Amino acid sequence: MWNMDRQPLIFTPLKSPAKLVEISGKTLKRFTLFLPVGALIAIFLVAVVFMRDAVVGYEWGCRLVYLPAISRLLNLRATRIIFEFIMGPFFLLSPGVVLLNYKQLRNPRDNHIRITTLCVMVTSGILQNIFLLALTFVGEREDGNLHTIFFCIFIVSTYLYFLSQTVLLKSSDYARKNIEKAQQNLRWKRRLLAVLSILLPFVFSLFFAHFLHCVPYSYELFCLSEYATVATIFAFHVTTVDLLQFDVLLVHRNYKPHRVKM
């Protein structure tokens, strides 16, 4: 509106920031954990219902196999699109989870060993997400060797991420201030890390038993051990997200008060 009296107009900022959006940390954590579960259920149902011949009783390697590996489920044309669409927000949020975890486990006066371990945790956490995404683009059918390399890097980075978290939590200020919750979380981390340490040799041994020696039912056992490995990895992520304490608040601030002549 024009100021006909030619008097100065004063724009006064708000005394406090205006809250635009507020999202509770609990809601965001549940959403983050729901995404991988929802994505895997969706691609499994689509593959079994609409592409059954491609995932059950198909020729792979030296013989017919009767269970699909998760990598096969991920890399069918339709399921790949579905998985990447659902997991898009997860890949965007994951670096934030890693950085929040770093902030929580970092002590004000860390020694060189803890600083190195923190660097390993952050680096492996980022690499884990990068190569999980890479596995959805390069399937075992497109380039089996490259897919295997990506899978190995994903597994190694995941293991280092979990191991470094477990070591850091034990000696963190957070654990000293929240003894009961931290101890319970630490027990779960150790159990899951032990299970993962047992499963991984089985996964690789059964994989090579099928492709190098064509051992009967080795691929089906490989698939079952892979399912158990993915479930264990997810459970460890639950322990990681469970400790995070945060809320997301988007606010708007005005500029400093000033006079404008119209």
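In this protein, residues 24 or more positions apart account for 78% of the contacts with a separation of 6 or more. Contact here means heavy atoms within 4.5 Å. The model is predicted: local features need pLDDT of at least 70, side-chain atom pairs count only at pLDDT 80 or more, and totals for chains, interfaces and linings use all residues. Residues are numbered from 1 along each chain as its sequence is written, and side-chain values use heavy atoms, with hydrogens and water left out.

The protein has 9 helices and 6 strands. Both are DSSP runs numbered from the N terminus: helices are H or I with at least four residues, strands are E with at least two. Of the 262 residues, 40% count as buried. Buried means under 20% relative accessible area, exposed means over 50%, and partly exposed lies in between, using a 1.4 Å probe and protein chains only.

Start with the cysteines. How many disulfides does a search of the whole structure find? It finds 1. A disulfide is a pair of cysteine sulfur atoms within 2.5 Å. The partners are Cys62 and Cys214, with their sulfur atoms 1.9 Å apart. The link of Cys62 and Cys214 is right-handed, with 100° about the S-S bond. Cys62 sits in the loop between β3 (58-60) and β4 (63-65), and Cys214 in the loop between α8 (179-213) and α9 (218-243), so the pair ties together parts that are 152 residues apart in sequence. Cys62 is partly exposed, at 38% relative accessible area. Cys214 is also partly exposed, at 29%. Cys119 is partly exposed at 45% relative accessibility. Cys223 is buried, with a relative accessible area of 0%.

Stay in the loop between α8 and α9, where Cys214 is found. Most residues other than glycine have a negative phi. Cys214 has a positive phi, near 55°. Tyr217 is found in the loop between α8 and α9 too. Its phi is about 65°, again positive although Tyr217 is not a glycine. Tyr217 is exposed, with a relative accessible area of 57%.

The largest nonpolar core has 51 residues. Such a core is a set of buried Ala, Val, Leu, Ile, Met, Phe, Trp, Tyr and Cys residues joined through side-chain atoms within 4.5 Å. Which members touch the most other members? They are Met87, Met121, Phe154, Phe162, Tyr219 and Phe222. Take Phe222. Setting aside neighbours within four places in sequence, Phe222 is in contact with Ala69, Val203, Leu206 and Phe207.

Next comes the largest pocket, with a volume of about 1100 Å³. A pocket is found on a 1 Å grid over the protein atoms alone: it is an open set of points where a 1.4 Å probe fits, with protein on both sides within 12 Å along at least five of seven lines, and lining residues have an atom within 4 Å of a point. Grid points are joined across faces, edges and corners, and the volume is the space filled by probe spheres set on the points. The lining has 47 residues, and the closest to the pocket centre are Leu40, Ile70, Leu132, Phe154 and Val230. Which helices each supply at least two lining residues? They are α1 (25-50), α3 (70-74), α4 (77-105), α5 (112-137), α6 (144-170), α8 and α9. The largest share comes from α9, with 11 residues. By type, the lining divides into 34 nonpolar, 11 polar and 2 charged residues. Ala, Val, Leu, Ile, Met, Phe, Trp, Tyr, Cys and Pro count as nonpolar, Asp, Glu, Lys and Arg as charged, and the others, Gly among them, as polar.

Glu140 lies in the loop between α5 and α6. Is Glu140 buried or exposed? At 12% relative accessibility, Glu140 counts as buried. Beyond four places in sequence, Glu140 contacts Trp60, Ser71, Arg72, Asn75, His147 and Tyr219. Asn75 is 65 residues from Glu140 in sequence, yet their C-alpha atoms are 7.9 Å apart.

Gln104 lies in helix α4. Gln104 is buried, at 16% relative accessible area. With neighbours within four places left aside, Gln104 is in contact with Tyr174, Leu243, Leu244 and Gln245.

Thr32 belongs to helix α1. Thr32 counts as buried at 8% relative accessibility. Not counting residues up to four places away in sequence, Thr32 touches Phe90 and Leu93.
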